[in-house]
Every structure is written in structure tokens, then in C-alpha cells.
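Let's take a friendly walk through this model, from the pairing of its chains down to one side chain. Have a look at it first.

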Number of protein chains: 2
Amino acid sequence: MNVMTHQAPDLRIGALHDLYAAGTTPDTVIAAVYARIAEVGDPGIFIALRDRAEVVAEAMALPPFDPEAYPLWGVPFAVKDNIDVEGLPTTAACPAFAYEPAEDAFVVARLRAAGALVIGKTNLDQFATGLVGMRSPYAVPFNAVDPEIVPGGSSSGSAVAVAQGIVSFALGTDTAGSGRVPAALNNIVGFKPSLGLLSATGMVPACRTLDTISIFSAGVADGWRALQVAAGYDAADAYSRDLPAPALDTRETLTVAIPDAASAKFFDDTLQAEAFAAATARLMDMGVTVEEIDLTPFYDVAQMLYSGAWVAERKAAMEDIMAVEPDVVHPVTRAIVSAADRLTAVDAFRGFYRLADLRRAVQPVLERYDMLIVPTVPTFYTRADLEADPVEPNSRFGTYTNFVNLLDMCGLAVPTRPRSDGRPGSLTLLAASGRDGLLAALAARIETDAAVTPGNGLAIPMPLPLPTCARNETVIAAVG
Amino acid sequence: MNVMTHQAPDLRIGALHDLYAAGTTPDTVIAAVYARIAEVGDPGIFIALRDRAEVVAEAMALPPFDPEAYPLWGVPFAVKDNIDVEGLPTTAACPAFAYEPAEDAFVVARLRAAGALVIGKTNLDQFATGLVGMRSPYAVPFNAVDPEIVPGGSSSGSAVAVAQGIVSFALGTDTAGSGRVPAALNNIVGFKPSLGLLSATGMVPACRTLDTISIFSAGVADGWRALQVAAGYDAADAYSRDLPAPALDTRETLTVAIPDAASAKFFDDTLQAEAFAAATARLMDMGVTVEEIDLTPFYDVAQMLYSGAWVAERKAAMEDIMAVEPDVVHPVTRAIVSAADRLTAVDAFRGFYRLADLRRAVQPVLERYDMLIVPTVPTFYTRADLEADPVEPNSRFGTYTNFVNLLDMCGLAVPTRPRSDGRPGSLTLLAASGRDGLLAALAARIETDAAVTPGNGLAIPMPLPLPTCARNETVIAAVG
């Protein structure tokens, strides 16, 4: 691997569309994508790669270039391998579980209908259980920024594919932070949309009541465009919600909460604490009102995810294969999920009651602030750290992510200026369901202010700016 | 007992307030209430009766009569004994479970603050588990209409107290139909409000995610007034919802669904089928558009209540006492709740997934119609029937009620013209959450059209009409 020395093709959607408008044909772009895959040379990123000729044929069969009608025309993307793509097996990183889907997942179908091109299926922590990217029977992908650091998970391959400049965007999934932690570790953007905004039809569930498909991109604009295309009500998915189409909310006056010093957790990583302080100071410089809150009630919610009843959802999703071939399940995953064996239906209801009480307790905070802003990860862990202890560092990675889906919040991880040791900085913006456009608007301002080149700093040019009023969008007047 | 031969005091709220306005003092009314209790002479109605002198003292300490400021001034009511009233034990019809509440339930406090007077705590199917009123260690109350028929439950005592003209209204609870079945069997009105509209603080849970306090009254107007006073957001109850205050919705054009002949169930009770057909024919005469639908998907939902995971909620509520003193629990109740012993947390989540799918399946029906109208009960059962088989008749009583709370619908049972054999007729109006005022408006029209004297036909005068725009109400323009 020699990932730091080559310049990748410019796959930012705006840049690609400029190329197409100037006469470049998709086969040229696809050739560059496959060249980049070869150049990166990491066998851990993709579980299945589409035949290049097949992608070219599909691209050449697209209707004439028209970015208004086809906002993702000729845009290459990758799909986490727990989401169905017709013609490729879905493995969830468990080969014995693999099946051949009869059709694309609802979201994949929408993206392809808008002109996007599937390149392949990406690696993950098996059954999307993990935040490290190390829990796969396939080769573990290398972090795009620093190969010693874990790639992050569970959407490891999707995040690395974007950070390495292989695809314009990639689909992940997010139940406990799988769409945000790998974004932070690979210095890219990770959207965790409001629950129900993106259909889960054709996605292997982790915790069906908490899951969402997520989107990785180099910059906010590309993720936002993919989100707008992917979002849509799906009557066939009982957890899909008929939410308004995502629209940018560029209100001028913002009051945000951040964890206070007593409740922020960095596990003695002072550089990470400094980076968070620096990033929030820049927020204030941008005119955002920042207030400190006690994050303890949010940690109480996070506790419910693995100590409460929700681990039974993971078991429900894996029960068939666990019953027949338990050995094919990753041993760490098996240990986590087996905790569900002791849980009764009474425990499940007690969990819901406690969650309802905790939701009520944090409600005033959620109502008082436009959003909550946290570090995406509290610190970094290396592959060696995880080989020594596969559980505790994984749990710590979830410090600022585990409570989010239980509280029905949307989230967006965005790169900020690197730490003093060069490791990537990342903030996660969190808000009540439906405020995706509020997060996107502020994340775009943060991105512009930070002026960080995504990924490893060599593969991808700086993000293009987010149009303040793009197609299908309405600028919402300030209401806060 | 000699319940059919005496005339009770006129406790309709409007009539009472006319008396008070003319100078009658509450002690006179309270004297009549206690005289009526003695006259009815049914030891099964109340588990605890307040000392008459205490009620009189409380009434005489009320601020001066002002029905605008105190819409329930001097109005006597009863409280099901799974709802807290300060100074009286809460038993849930399980003496070993009894505790002395430190304060009134949230709803009771609101009613009392509006001038209402608690008379006593009423009998119920133990832990609100049952629809028959026969599952109590206390004396079973007699049905007010026909002492051979079961009183209905679980809110047996509250329904009978209203139907016997003892109180103006009574609080029940409703998880599976406990606020509707006894209303039908005693020929009165039963409101099952939208979930979360009435706080459950100070109520012994049956299924905490499905429970609501309910209201029995002789006519729609009195129940509606009590509902308006009782409704209010309670931050301390995690299942309370910040819904708009209930407001009458008197839209002119109504399209309602009723079960078609193939899916309606009457268990060979042709008189009940005829009564339902006659009642729906009158609806059409009133200008309501009536369309038949297949009720099967709703029965599928109902199945979840006892065969799905929700029985574990009942176990959660009773677990402490079941662990220490299982014998104090009614044997039928114990058998029902013990089904939860076999249920795992995985079963619970599978139940939620199935319910989510079923909810999605009925959603188009709920969207297409203003409401769904069903018989409140499919047939009648006698005390002897229940002594012979304590389970199956109980299950049948829930035919048209069990699915309602699982679907987050509000409901209202209203008397219709009696069957040809003199047994009471009853329709239940059902609609999506928040449409309580739509149900009340149509129920008032049905009540006026039917001109039925409530209860046993002797104890209570005909209902007073529902004001189309009373205090705290806004007439909502037709939107459907």
C-alpha cells in the first residue's frame, strides 16, 4: 500500500458534473475509480466489487447527462454489505449468512434511478455490531489517515472507500454510531439521518427499531445531495416515516449545547480535549451561542443500548444463523449477542419504561437548544489496542454516539481542524428528529471555516461549498 | 336489592349546577348520593367509601359556586380502585397489594381542583385484567340493567355506580376495553381517551404502554366535561403526551367504516347483529356515509394483546406481589399473566415488529375514514356463563376493543336503542389519536337520535344535550 503518494480523481459530485458537462464520459470516470482501487490496494475495503465492464455498460445506458433530472448522474458510490444490491450477494460480513437479493434496497434503487453507479459492497463489523471495523472475517480495511488506527466501524469499508477517494459517497448504516465513528477516524463527513427518513427495506437489521442507513461523503454537499435523493417514504417498511423532504435550515441565530468539562469524556486524551475546545471556540467565533450542559443523562440513555433490552434486537436479527451455525458468527459478536439469552420480555418492557423516563428527562435540553454538539469520538485506538482488548475501546468509541438513536435524534459528523499531533478532528452535530437540514447547514459552515482537506489529505480536494438553496430544497426561515 | 323501583337524584352535571345556582347546597346532594348508595344496596360497587361527613366538609369548603371557574363544582364522582385518592388505600382489588397513596393521582387532583367530590373507590377485575367484572376477591357488583348479566370489567364498580345514578361520572381505566365493555353492558357512555391525554401518574399500571384512565358517564356531555378537566400534560408521566386540549369537532360531512358482514362477529347472537344493523342504519339516516370494511386486520392486531408480548407488561406490574404472595392473585389472572414466563426479550421485539407491520397495514383504512364504528360488545354473557368458563366469554367481550389501544386509537362507547329483547344497544366510535372531539360530537348526535334513558332506564333521566361550543372548546372547521 502506498496510499499517501497519489492524487485520486476528483469525485466531488459538483466537480464530476462539470467534467460530464464538458464532455467527459462516465467510462473515463469509472476507469479512474478502478485505477484508484488498484492503487490503494487494500483488500479489506470491498467484500464484492462489481465487474468494471458491467458498471461501464450501465453508465453508458444512462439517459443523456441532465443533472437536474438525474442529480447523481454518473456518480460512483459504494454500499455497505448489509444493504441489498441486485446481482451481488448480501453477506453482512458473515459468508454463511449470505443471500442473493432479488432486488436493490429501496434506497439503493432511488440512488440508481438518479443516475448513481454502484461500484461494490463494502466490509463491515459483522452484522453491523461494532464501532471498530475489526470484527470481520474478511481482511480488516486500513484507516485512510493512519494505518495504525482502526478504520472504525461498523461501516468500515464504506468510510475508507470515501476517504481514499474511490467513490463520491458510500452508504453505511447506523444503530449505535456506525455511521459517525468511522467518519471521524477517516476525516470525512458522516450523515446519520432522522430515523425513518431512509427506508430500511433491503437492509439487514441490527436493531430494527433503531437502525438507519447512513451516508459517508468527503464533504457536506455531496452527502446532502445523496440524502435528498435517498429520502422517501416506503409503505413496505413499517419503520419508515412520512417525514417532510429534507430541507436546509439556515437560521442565523443558533444556540447549541456542548458537554461541560465535568461530563465530557476523553479518557485522558488531552489532545482530543484540546481539539474539541478549539473547535467549539471556532463555533463561537462564527457567532454560534455555545452553552455547556451536563451530559450525564445522555450517558444514562447510552447505557440502555447494551445493558438494556436492545441487544435482544441484535439476537432477533441473527437468531436463525446462531441456531444453525453459531461458529460462523464472530466470537466477539457472539459474546455480545448472547447477553440477550438472559433477557425476558418483562426485562424488555422495563427497558422501554426506563428509556421513556430518560427521554422525558433530556427533553427540556433538546427543546432549549437548536442542537447538541459533541466530539464524534473521545479518543483514538489502534489496531493493536483492539487486538489486546476487543471490547473496551469499542465501548469507549460509542461515548458520544450510543445515545443518539435511542433518543430519536439525527446526527452529522464533520471534520474539523486536525489535532496538534495531526490526527483528524471531528464534531458531531445532533438534533431532534427532522432537523437534518439544520445540521447540514451548520456543518457546511464548520467545514468552510475549518478548510480541511478530507480523508488523508492527499486523495480528495477540499469540499465544494453547499448551495444554500439547491434543488428540492427550501430555505426555512429562522424559527428558533 | 331493589334497584328498579326508585328514582335517583338527577346527577347530570347541568341539572346539578341548575340546582346549585338556585341555592341548593352540596350537603343536600351528598345526602342524596349516600341515600342512593344505601337504596341500591350492592356491596360489590365500592371497595372503599369515603365518610359522608368528610365529603360534606370538603364540599362546604369549596369556593363559592362558579361553574365557569369550577366546571365540576359540587359534582360527585367515583374512582376505580387502581387510581390513587389521598386518604384511601389503593388496592387494585388485591388487598395484599394495598398501599396508602401520599397524594391524589394527577387526574384526580385536576378533577378535585375543578370542584368535583370523590365519593369512593370502586371495584374492578383485579389489576384491571379482565372484561367481565367477575375477577375480584370482593363481592362482584350487579349489572345495573340486568343482574343476571355480568357487570363488565375491568372497571365494573365505576360503570355500575354511574348506571345506578350514584355519581355523575366515574373514572375507569382502559387497556383492552375496560372503559368500554362495562359501559355497553350497563347502558352508559364510556370515553377511552387518546393515549397520553390523561396522565397515568398515580394509576396502577396494567400495560404501561397501552393504559389510559377512562371516564364513564350517563351522557356524552358529562363525560366530555370531565375529560376536558382531566386532560393535561404531565411531565412526570413519561407516557403523557403534550396533545392539544380536547376540542369538539363538529364537521358536517362524515364517512365512517363499519365491519362487513363477513368479518363482523356476534357469536350467533342474531339480536345483537340486528341491533348493530339498526344502529348503523340510523347513522345513515343522520346523513353519515357508512362503508363496510374487512375487520380482519384489526383482529390480527387484537391477537397480539394476549398472544404477543404485552402480557409481559401485566407481569411487570404484578411481579413483586407475584414473587412474594402468588396466592393473593386471582387464579384466572395468575394463569393469564404466567403466560409471560415463557416470553423472551426477543419475543417482545418480534411482537413490536409484527405490530408495526400490522399498524402499517391498517393505516390506509384509518386515513380513508373519519372513524371506525363497531358494536361495543359482540354479545352478552351472564354470571353463570362466566362461572362455567371464566376465560372464553371474557375473550369474546374484547372482540371490538382489544385492538384499539395497540393501534393508538381513541374510543367512545355510546348507548343506542335497546335490542328487541330489551338488552342495551351500544356503538363504539373509534378514531386516530387526537380525534376525541370528533367522537364526542358524533356520539352526542347518536345519543340525541336514540333518546335512550341511560342505565337501567329508571335511575337517571335522559342525557342533557352537548353544547356545541362549551368552555375551553373550539369548534374545529371540517377538515376531512
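In this predicted model, chain B can be superposed on chain A by a rotation of 180 degrees, with 0.0 Å of shift along the axis and an RMSD of 0.0 Å. That is the relation of a two-fold axis. Which surface do the copies use to meet? Of the interface residues of chain B, 100% are also interface residues in chain A, so the copies meet through the same surface.

Now look inside chain A. An open sheet of 11 strands runs there in the order S1-S3-S2-S4-S6-S5-S10-S11-S9-S7-S8, with mixed pairing. Strands S1 and S8 stand at the edges with a single partner strand each, so one side of each has no neighbour in the sheet. On average, neighbouring strands of this sheet are turned by 25 degrees against each other, direction ignored.

| Strand (chain A) | Residues | Note |
|---|---|---|
| S1 | 46-49 | edge strand |
| S8 | 289-293 | edge strand |
| S10 | 409-416 | antiparallel to S11, eight bridges |
| S11 | 425-432 | antiparallel to S10, eight bridges |

Within the pairing of S10 and S11, A:Ala413 has A:Thr428 in S11 as its bridge partner.

Finally, turn to chain B, where B:Arg314 sits in helix H10 (residues 311-324). B:Arg314 is buried but has no salt bridge. The nearest side chain of opposite charge, B:Asp211, is 6.3 Å away, whereas a salt bridge needs the charged atoms within 4 Å. Beyond its neighbours within four places in sequence, B:Arg314 is in contact with several residues, including B:Phe127, B:Thr175, B:Cys207, B:Tyr306 and B:Val337.

How values were computed:
Residues numbered from 1 in each chain as written. Chains lettered and ligands numbered in written order. Predicted model: local features only at pLDDT ≥ 70, side-chain atom pairs only at ≥ 80, totals over all residues. Heavy atoms only, no water. Least-squares fit on C-alpha atoms with pLDDT ≥ 70 in both. Contact = heavy atoms within 4.5 Å. Pairing = 2+ DSSP bridges. Helix = DSSP H or I, 4+ residues; strand = E, 2+ residues; numbered from the N terminus. Axes fitted to C-alpha atoms, helices over the stretch in contact; angles between N-to-C directions. Buried < 20%, exposed > 50% of the residue type's maximum accessible area, 1.4 Å probe, protein only. Lys, Arg positive; Asp, Glu negative; His and termini not counted.
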